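Q: Could you walk me through this structure, one piece at a time?
A: Gladly; ask whatever comes to mind as you look.

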Amino acid sequence: MPLKSVRFITWLVAILLAIPVLIGLIGTLLPAFHYFPPLGEYHVTFAAWISLLHSSEFYSSLRLTLATGIISPIIALWMALSILAWGYQRPFFQKIENLLAPILAIPHAAIAIGLLFLLSPSGWLMRLFSPWLTGFDRPPNWITVQDPYGLSLIFAIIMKEMPYLLFIMLASLHAIDARKTLEVCQTLGYKRLTIWRKVLIPQLYPIIRMPIFIVIAFSLTVVDLALVIGPNTPSTLAVTLFRWFNDPSLSKRFIASAGSIALVLVIAFVIFGWEMAHCFFTRLTKAERSNGKRSGPTDYFLRLGVVLGLITLSSAFVSLVILPIWSLTRRWRFPDALPASWTLDNVQHAYPLLLELSSNTLIIAIVATVIACLMSALMLETKRLSKTTKNHPFDWLIYVPILLPQIGFLFGLHILLIQINLNGTLVAIIGLHLMYVLPYVYLSLKGPYLAYQEDYLVQANRLNNRPWRNYFFIKLAMLKPAILTAFAIGFSVSIAQYLPTLIAGDGRYSTLTTEAVAQAASGDRKQVGSMALLQAFFPVFIFWLAHALPPRWTKWRLSIYLRIKKCYKQIPKQSLK
Amino acid sequence: MQLTGENVLIIKNFSLSLANKKLITDLNVTIENGQVVSIMGPSGIGKSSLLGFLSGTLSSGLNAQGEVFLNDVAIHNKKAQDRRVGLLQQTPLLFPHMSILENLSFAIPARVKKCDRLELAFEALEKVGIKDKANATPEQLSGGQQARVALQRTLLSEPKFLLLDEPFSKLDPALRRDVRAFVLDEIRKANIPALLVTHDAEDAKAMEGSCINLDAPE
């Protein structure tokens, strides 16, 4: 990009990134201390905090949040590391590797809904084993999902986060040269899992620390997953706060704001505790690493992780398979393993609704992601030109929106949207989506963009002096695969957004995700199944396109290009093979 | 091809230093039309930096002084894009997402009309001897063919002078001879001054012009 005044643009973008974060924080912080001009409250008091700390619901919610938010990342990390250690370089594992991107692309709400259909007392699992094994003719009176301990929520979070961690680990492996380490250690007589435990995992951890923090923050604050499959009364803190924010009596807002600040503190506290625990754990195992034992009983711990991890991955698949089954079901009585009769009526019936939801979803996702791609290119170009490799403001600023809890923060921004009259508009929804899409697009584009061999562009500008044109048709065109992948990632992030759509949309715009989550627990399984299916379909389709298009693009373009060109007659025919 | 005739490249008193360490002092070169002057020397002496200075893309950190005249017009103060310079590097840098024909027609100045561009590009293709590869992508060409296409592409942009930065070093020894002859032939036809930087004495000899040896600084 032939940019001038790089510093100015850097600061401008940095401020643009920081402003919504600051406003969101201020919009939460002030009401937490009872300062809220829109409601005529101008006096700073601690009333909200006092009532928060006296509410028993706060403590029970907090307990659930801590349990789900700490246990899920630990188990997800354990499973991901186990599967990596076990499967790395195995041919079978490469198939799993190829499936990771589409799994990641599927919005977590869709998987949670599938899981709900699978595990609930009247779910598929029970149907498959009834009545021949269980003897049930009707759904048992058990609580299997939305259990009061949050177990099903933990399972759903693991199902989403384990593939993500695995994906990140695979991408980071080249940095530690795992293949050579394995070779060297194997010649020393170490067992495979022991090598991972003693040598590779300690090297890998510092590289993936940031993604782990993202997982922790997500697990502690997720709203949509918890609404679908989490415990109800009491629910996790994020859901409780969500209810308080939506309470008709606006005074609840103060307590909710105080609770949101508490949630931020909880995230900081848990991440701090996690790092302390990691330090402690490293000390504890340091001596064991160099004790010379070529294998150890703790290897079985990894082995168990592999088994559980594979079970989790396959349940994710089964959860997805069940979505199209429900959307095509006419009649499916309880103990039957499959529907008694099939139909397209459900889809036809829901067609107008599905069309509206899909078009809302797609417009928001495409516009937000295209803007995010352009902004990422601009940011990366200024980063490249500024040549400061360390601590560029973008590199940490970009993480802030993903680490802060959406709940609270977004309600703080909501006040601004109302003030500037953007509340309930598409612009506002796209703006909020952009905040969450941009970090992922930026991070995925960063590596390939900065690695681009700039000589091509310099040569192009020497050959014909049209810098802007060359930037798009040489540099960006050569980066097509990376840009399309970044687009697919951003697109799937946007499709999965629940709270941003809900809050900025103000009930005027619904997407597949908001509607599916709203109806998941209560609604008609046939319709919810269709919504969740579409919700899963679009990102997977875009991922497939991003993967399939670039290698064929040039070939296809060239095969039609010259034939439609006016002057093509001037070229001898045999040269157009 | 332009046959204006008066192109002469003169480099006056060129000096290059890196952090007080003198690399090149008072280099004077005159190159006439259709002539290739070679510059030889060990690596790290600043040969590529000389080309960077001439093309206007010298990397920062280096201190270069001197004057460059093209037909008695000073060009060392001009921006890179106003110098009308052609540069050929070790890698041919053909754009992988474009066909050979598109690569060639990319370099033709915008004022040339659509159908004429195609014809010019096709003529260049014929000179390389790969008429049948118009719609192929660069990766489908051999290394020697790529080097020749890269030269043709540079010449199509109608440069006033040409810089060659070890363009033969990545080629097979067997191919090198053919490509060298092709390059010299084309430069003579284009009738522009050319400066070749190399560390292979064979390259310099094949160009049939004078050769300047740069010695390592004391």
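Predicted model: local features only at pLDDT ≥ 70, side-chain atom pairs only at ≥ 80, totals over all residues.

Q: Which residue of E4(B) is the bridge partner of Ser17(B)?
A: The partner of Ser17(B) in that strand is Asn63(B).

Q: And in what order do the four strands of the open sheet in chain B come?
A: The order is E2-E1-E4-E5, with antiparallel pairing, in chain B.

Q: Which strands stand at the edges there, and why is one side of each left without a neighbour?
A: The edge strands of chain B are E2 (21–31) and E5 (73–74), and because each of them has a single partner strand, one side of each has no neighbour in the sheet.

Q: Which helix packs on that sheet?
A: Helix H1 of chain B, residues 47–55, packs on the sheet and touches E1, E2 and E4 of chain B, while its direction makes about 55° with that of E4(B).

Q: Staying in chain B, how do E6(B) and E7 pair?
A: Strand E6(B) and strand E7 of chain B (residues 161–165) pair in the parallel sense over four bridges, and Gly86(B) stands opposite Leu162(B) of E7(B).

Q: Which way do the residues of E6 of chain B point, and are they buried or exposed?
A: In strand E6 (residues 85–88) of chain B, Val85(B) and Leu87(B) point one way, whereas Gly86(B) and Leu88(B) point the other way, and all of them are buried. As a general rule, side chains in a regular strand alternate between the two faces of the sheet.

Q: Changing topic, how is chain A divided?
A: Chain A has domain 1, made of 1–19 + 352–546, and domain 2, made of 63–343. The centres of these two domains of chain A, taken over C-alpha atoms, are separated by 25 Å.

Q: How many residues are in contact between them?
A: In chain A, 32 residues of domain 1 are in contact with 36 residues of domain 2.

Q: Which helix gives the most to the domain 1 side?
A: That is H25(A), which gives twelve residues to the side of domain 1 of chain A that touches domain 2 of chain A. By class, that side of domain 1 of chain A has 23 nonpolar, seven polar and two charged residues.

Q: What about H9 and H14 of chain A, at what angle do they cross?
A: The axes of helix H9 (residues 192–207) and helix H14 (residues 299–327) of chain A cross at roughly 105° and come within 9 Å, and H9(A) and H14(A) are therefore roughly perpendicular to each other.

Q: Which residues make the contact?
A: H9(A) brings Leu193(A), Thr194(A) and Arg197(A), and H14(A) brings Asp299(A), Leu302(A) and Arg303(A); the residues of this contact of H9(A) with H14(A) divide into two nonpolar, one polar and three charged.

Q: Why is H12 of chain A called largely enclosed?
A: Eight of the nine residues of helix H12 (residues 237–245) of chain A are buried, so the helix is largely enclosed by the rest of the structure. Among the buried residues of H12(A) are Phe242(A), Trp244(A) and Phe245(A).

Q: Last one: where does Ala14(A) lie, and what does Ala14(A) touch?
A: Ala14(A) lies in helix H1 of chain A, residues 6–32, and, not counting residues up to four places away in sequence, Ala14(A) touches Pro393(A), Phe394(A) and Leu397(A). Ala14(A) counts as partly exposed, because Ala14(A) has 16 C-beta neighbours inside 10 Å.

Key
Residues numbered from 1 in each chain as written. Chains lettered and ligands numbered in written order. Pairing = 2+ DSSP bridges. Helix = DSSP H or I, 4+ residues; strand = E, 2+ residues; numbered from the N terminus. Contact = placed C-beta atoms within 7 Å. Axes fitted to C-alpha atoms, helices over the stretch in contact; angles between N-to-C directions. Domains from an automatic or database assignment. Nonpolar A, V, L, I, M, F, W, Y, C, P; charged D, E, K, R; others polar. Parallel < 35°, antiparallel > 145°, perpendicular 65-115°, else oblique. Buried ≥ 20, exposed ≤ 12 C-beta atoms within 10 Å, placed from the backbone.
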